[in-house]
Amino acid sequence: MNYCSPCGSSKLQSELPIGDTHSRLVCVQCAHVHYNNPTIICGCIIEQDDKIALCLRAIEPQKNTWTIAAGYLEVGESTEIAAQREALEETGMEVEIQGLYSVFNVQHMHQVYIIYRAQFLRQTQKAGPESAAVAWFTEQTLPLNQLAYPTIKTMLVRHAKERKNGRFGLYQGDAGSGRVIGLHPN
Ligand SMILES: [Zn+2]
């Protein structure tokens, strides 16, 4: 951040506001405190029979790798609606949310991911410019060596195994430590 958003001043300095636990960028001119908190990314694993839909990323980061439809939660939007909207934008598919599947922290990117399972309903438009391609994969054809992130790989491998018996758990993960804890289906 180079300028204070309320007043436009370029005089920002890092300090610990009274009563705070983290140092913040504070405007010398108007005293506005600039908080920098993690962003929330919502997405879904789109399912149809024994397949899931993945997008080939057309843009950085991780261009030319496969990943699930996901993107930033917008102000005023629910996490579920955001996941549906990202599915439509990145794959052109209308989907119905089935349930929460995984929440994970990516601390070094300052992100929290909230991932749902979603049922494919219909293809209503073309995939948007963020996707170079969209394709369906079975457990056997998952592009394990060309997935965008290790966290995505861990989640999709587990999802494919769970899909075989049609029962899904709920998981919480941490990309920093690689730790995943979950409520397993039984
Ligand atoms: Zn200011």
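A: Happy to! One term before we start: two residues are in contact if their C-beta atoms, placed from the backbone, lie within 7 Å. Also keep in mind that this is a predicted model.

Q: Got it. What do the buried residues of α1 pack against?
A: They pack against β4 (39-48), β5 (51-57), β7 (69-72), β8 (93-106), β9 (111-123) and β10 (131-137).

Q: And which residues of α1 are buried?
A: They are A82, A83, Q84, E86, A87, E90 and T91. Here is a handy rule: an α-helix has 3.6 residues a turn, so residues three or four places apart point the same way.

Q: Nice. How many residues does helix α1 have, and how far does it reach?
A: Helix α1 covers residues 79-91, which is 13 residues. From its first C-alpha to its last it reaches 18 Å, close to the 18 Å expected at 1.5 Å a residue.

Q: What follows α1?
A: G92 does, and its phi is positive, near 80 degrees.

Q: Let's switch to I46. Where is it?
A: I46 is in strand β4.

Q: Buried or exposed, and why?
A: I46 counts as buried because it has 26 C-beta neighbours inside 10 Å, and the cut-off for buried is 20 or more.

Q: Which residues is I46 in contact with?
A: Leaving aside neighbours within four places in sequence, I46 is in contact with I52, A53, A69, A87, T91, M93, V95, A118 and F120.

Q: What separates I46 from V103?
A: They are 57 residues apart along the chain, and their C-alpha atoms are separated by 16 Å.

Q: Zooming out, what is the secondary structure of the whole chain?
A: The protein chain has 2 helices and 12 strands. From the N terminus on, the elements run β-β-β-β-β-β-β-α-β-β-β-α-β-β.

Q: What about domains?
A: The domain assignment gives domain 1 (1-36) and domain 2 (39-183). Their centres, taken over C-alpha atoms, are 35 Å apart.

Q: How much of the chain is buried?
A: Of its 186 residues, 26% count as buried.

Q: Last one: what is the strand order in the open sheet of 3 strands?
A: The order is β1-β2-β3, with antiparallel pairing. The edge strands are β1 (12-15) and β3 (33-34), each pairing on one side only. Strand β2 (residues 24-27) pairs with β3 over 2 bridges, and L25 stands opposite H34 in β3.

Notes: Residues are numbered from 1 along each chain as its sequence is written. This is a predicted model: local features need pLDDT of at least 70, side-chain atom pairs count only at pLDDT 80 or more; totals for chains, interfaces and linings use all residues. Helices (H or I, at least four residues) and strands (E, at least two) are DSSP runs, numbered from the N terminus. The expected span of a helix is 1.5 Å times one less than its number of residues. A residue is buried if 20 or more other C-beta atoms lie within 10 Å of its own, exposed if 12 or fewer, and partly exposed in between; C-beta atoms are placed from the backbone. Domain bounds come from an automatic or database domain assignment. Two strands pair if DSSP finds at least two bridges between them.
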